[in-house]
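Below is a colleague's note for someone opening this structure for the first time. The points are numbered so that each can be checked against the model.

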Amino acid sequence: MAGSTILPTLGIIDQLPLLTIAVPLVAGPLCVLFGNKHIAWVLAFVASLISFLFSAHMLLQVLDGDVLSYHLGGWAPPLGIEYRVDAANAFVLFLISGISTVILPYARKSVEHEIKKVSHTLFYCCYLLCFTGLLGVVVTGDAFNVFVFLEISSLSTYVLIAMGAERDRRALTSAYDYLILGTIGATFFVIGIGFLYIATGTLNMADLAVRLAGMEGNRTVQAGFAFIVVGMGLKAAIYPLHLWLPSAYTYASSVVTVFLAATATKAAIYVLLRFMFSVFQPEFVFETHILTFIIMPLAILAMFAASLIAAFQTDLKRLLAYSSVAQVGYMILGIGLATKISLSATIIHLFNHGITKAVLFMVVGAFVMQKGSSFAKNLNGLGKQMPWTCAAFVIGGLSLIGVPGTAGFISKWLLIDAALEEDLWWLALLIVMSSLLAVVYVWKIVEVLYMKQPEEGSVIGEVSISMLIPMWILTIACIYFGLNTELTLTSANVAADGLLGGGAQ
Amino acid sequence: MMETNTAILVSMALPVLACISNLLHGDRRPNLRDGITLLAAIATFGCVLSILINNGGAPTEIFTLFSIMPGLDIAFHIEPLGLLFALIASGLWVVVHLYAIGYMRGNNEGNHARFFAAFCFSISATLGIAFSANMFSLFIFYEILTIATYPLVAHKGTEEAKRGARIYVGTLLGTSIGLQMVGIIWTYVIAGTLDFTQGGILHDKEVGAGLATILLALYAFGIGKAALMPFHKWLPAAMVAPTPVSALLHAVAVVKAGVFTILKVGIYIFGIDFLAETGASQWLMWLAAFSILAASIIAMTKDNLKARLAYSTVSQLSYITLGMALATSMGVIGGGLHIAMHAFGKITLFMCAGAIYVATHKTEIKQMTGLGRVMPITYGAFLIGALSIIGLPPLGGSWSKWQLMIAAADTEQLLMIAVLMISSLLNVAYLLPIVAKGFFLTDENNNTGSGIKEAPFWCVTPLVFTALGCLVLFFYAGDIMEFLAPIGGG
């Protein structure tokens, strides 16, 4: 349970919640000032690494249930902005900064290949801003601040996706689609925040939680809740609010897809968790029956519909994008069950799916690099020619299915456990049946890679080692976190405890 | 002598090392490569044997290798059924390895290194299944076995092989993840443990007959490797694999891993007394009986020799499921005994089918007229194997059938006795004509005159050896039953 709240003094360690955000935020404009793509890359990597180390340090600090509270500018909450780190967001910060640090070495070659030369510096600048935004959304304890960071990350994401136009002009329309839908989502979110502010007069999440207690019947509060859930649902690509996602993932450049798939929807899911369980009391959410009658059916629909659509895709990127929509379904299902185990399952799946999807999209990036295409028909027999890349795909695919010994299995296990604890055995069966759909679309690609004969005279080699190493770090992570769950399970359990116990008091 | 736990780990590690050695050698120095694998196979068998000598079948303390989550351990122990299964799998590996060398070379198959590597890895997974101390570990090795055998089934790389392999992986992964895993997690939620415990872990947990029936169904259908109808299609589909694979993996390791798991679940998860009390396994008994007869009848219609043997396996596996479903100690001991007896009989038959293929490239039974006269050793071994499957003395198969019939009589399921008897007759009807055609029928296909002779030495010796095994087992059945007695709770 939540232990003591650690207040800041003057040591550098106490500034970590702020520095984690500030370092990449400062590094972004510096990229443009230096105007050199090599320096820009170094800046991005160093900033990302520093954020990662800080996040890891904070995660270790909060694993016993402590909460780090940082008052921006020394202004005490609820008037001042508070950065508040507990196990739930420290874990997500760890995921986002970790993924970013691992994919940047991979990004170097891939960006050179896919994005036109003049834009490289700008690319890293936007990347850093997007990174900052996502971290900020997660770290802050102030509702309006969430919106600010959300816009920082969204605006830079639109640019990043549009940069994919070099490879395929359709990146522009998909960025435009996302711009429209993302803006609607953000607007809904800020309207929701406004309603809550009207009703309570505060924006600090902890303070909101206190003041909202007992206001369950208030129409303004209810409307605010609905706006927030739908707004964030758009960002998290909850079925059927996912329409922007497949095209955005398909036409963005490979690195952007890896980064967004592994982190962006995860941050949005975190915000949903935070609002549904610590700002609003779980009882409120229950009484409105939104979990049972809206969230759960949508989650199940996502698991099946999106997986089915994925099974019929011919473009590997689009296939994985639809698979992401399905996987978001599992996370939402965990929210819908609203027990301690199910929230653990959601949080751990957030992490496990993050690393799994990162591996898979990195593999696709390698295919695009060597073969110039991500369509299944062009990948025949690559297993022999790119053995390491294809092996990474197999392991990532197994983790996506949830085969024992991989990270994906752990999240499935917890989710099924949660369903059975509630005596929902039909739900447990539905969960495994939808995993079987994942078998179909993963195996389809494995067969293309290993069983088909390569085209006549095609000489394709393995990608460079600087791309393989990041890919394999995450591949090994997929196995490691399937066998050793100490870090992930402890984090998820403490986080779930914190959320259900009203971690933001 | 090695300590038992060390021996368990070494016996699982040796095949993995052999697998790595195969991959490293590639197809460059085949003799060295296959020699190293042979040594590994012998050493593995030695390890398992040393456990038997050291320890007898006495159950050992659970030994946890590592823990994934609280309650989910990769852990091993020794108990009689598992040890018997490990002995059979590792012992027959030595024999089949020799046979596989002869077959793969005699038949000019490609990709030897990949083939033997996957083969070794499958053996390691099989031993993992045999030694698992809880349902979770068993499940993990069960899945590894499925994936490790996929390259073997798809070995030829033809469209047919790919289709067969797809059905194989699809059915086995599908049933295990879709049903078995739910059963396992549910069991864990109810019982709070997954450790194999004599007498079961569910009986004191307020599990009613209805819930027990659902759980048993999740297991019975979820363990697709047991090939219970209607999830049996993968077994004939997997017969596109080279014959040594069919011989060891699909007559011994894979399918026996399935029925072995069924027995383990019956004995150590539910407990046979609990099953008998709740009657949760009644329906399974009928389904197994149906499987026995239906598969035998389908076998009669198949003219492809391997397909006929495959359906015969489907039928024989259900004997073991039936033994568990009877929910009596004699039934499970009979089931355990049948694992051993059927393994020797069926592996002989498959190796004979492979030897015929190597010597003549014939796969259809109607083309095999008169072959017995030019391949007398192969056909003699086939006859012995067939008689053992049918269950005639003095061959091993007679005892397990006898034991199962006693179990059926004991539980007053007289209809089951009839099922077993009819099944024996059906066995006669689909197995013996093959031998008869080989020895006595006029030679319409000109098999005798075209210079066909016995398959190469390394193809023939192993099958003679296992045929003799069928004979020897007849005299040692009592010892095996005594060895297995603890699993019946006696």
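**Notes on the two-chain model**

1. The largest nonpolar core has 404 residues, and the residues with the most contacts inside it are Ala44(A), Phe91(A), Leu272(A), Ala358(A) and Ala89(B). Helix α13 of chain B, residues 329-360, gives the largest share of this core, 20 residues. The model is a predicted one.

2. Leaving aside neighbours within four places in sequence, Ala44(A) is in contact with Ala27(A), Cys31(A), Leu104(A), Tyr124(A), Tyr127(A) and Leu128(A).

3. Chain A contains 20 helices and three strands. The C-alpha atoms of chain A fill a box of roughly 70 × 60 × 40 Å along the principal axes. Of its 505 residues, 61% count as buried. Among contacts in chain A between residues at least 6 apart in sequence, 81% join residues at least 24 apart.

4. Chain B contains 18 helices and two strands. Its radius of gyration, 21 Å, is close to the 23 Å that the globule rule gives for 490 residues, so chain B is as compact as a globular protein of that length. Along the principal axes, the C-alpha atoms of chain B fill a box of roughly 70 × 55 × 40 Å. Buried residues make up 62% of the 490 in chain B. For contacts in chain B between residues at least 6 apart in sequence, 81% join residues at least 24 apart.

5. How do the chains meet? Contact between them involves 18 residues of chain B and 22 residues of chain A. On the chain B side, β1 (63-69), α5 (135-153) and α6 (159-191) each supply at least two residues. The largest share of that side, 11 residues, comes from α6(B). By type, the residues of chain B that touch chain A divide into 13 nonpolar, three polar and two charged.

6. Strand β3 of chain A, residues 82-85, is covered on both faces. Glu82(A) and Arg84(A) are buried on one side, and Tyr83(A) and Val85(A) are buried on the other. β3(A) pairs with strand β2 (residues 67-71) of chain A in the antiparallel sense, over four bridges. Within this pairing, Ser69(A) stands opposite Arg84(A).

7. Helix α16 of chain A covers residues 387-401. Its 15 residues reach 21 Å from first C-alpha to last, close to the 21 Å expected at 1.5 Å a residue. Because 11 of the 15 residues are buried, α16(A) is largely enclosed by the rest of the structure. Among the buried residues are Thr389(A), Cys390(A), Phe393(A) and Ile401(A). The cover over the buried residues of α16(A) includes α13 (316-337), α14 (340-371) and α18 (425-450) of chain A. Just after the helix, Gly402(A) takes a positive phi of about 95°.

8. Helix α6 of chain A, residues 170-200, has 31 residues that should span 45 Å at 1.5 Å a residue, and its end C-alpha atoms are 45 Å apart, which agrees. Just after α6(A), Gly201(A) has a positive phi of about 75°.

9. Some backbone geometry deserves a look. Most residues other than glycine have a negative phi, and most peptide bonds are trans. Asp423(A), which is not a glycine, has a positive phi of about 65°. Asp423(A) lies in the loop between α17 and α18 of chain A and is exposed, with 10 other C-beta atoms within 10 Å. Glu412(B), also not a glycine, has a positive phi of about 60°. The loop that holds Glu412(B) runs between α16 (397-410) and α17 (414-440) of chain B, and Glu412(B) is exposed, with 8 other C-beta atoms within 10 Å.

10. Where are cis peptide bonds found? One joins Tyr239(A) and Pro240(A), with omega about 0°, and Pro240(A) is in the loop between α8 (219-236) and α9 (244-251) of chain A. Another runs from Met229(B) to Pro230(B), with omega near 10°, and Pro230(B) is in the loop between α7 and α8 (234-237) of chain B.

Notes: Residues numbered from 1 in each chain as written. Chains lettered and ligands numbered in written order. Predicted model: local features only at pLDDT ≥ 70, side-chain atom pairs only at ≥ 80, totals over all residues. Contact = placed C-beta atoms within 7 Å. Nonpolar A, V, L, I, M, F, W, Y, C, P; charged D, E, K, R; others polar. Buried ≥ 20, exposed ≤ 12 C-beta atoms within 10 Å, placed from the backbone. Pairing = 2+ DSSP bridges. Expected span 1.5 Å × (residues − 1). Rg over C-alpha atoms; globule rule 2.2 N^0.38 Å. Core = buried A, V, L, I, M, F, W, Y, C linked by C-beta atoms within 7 Å.
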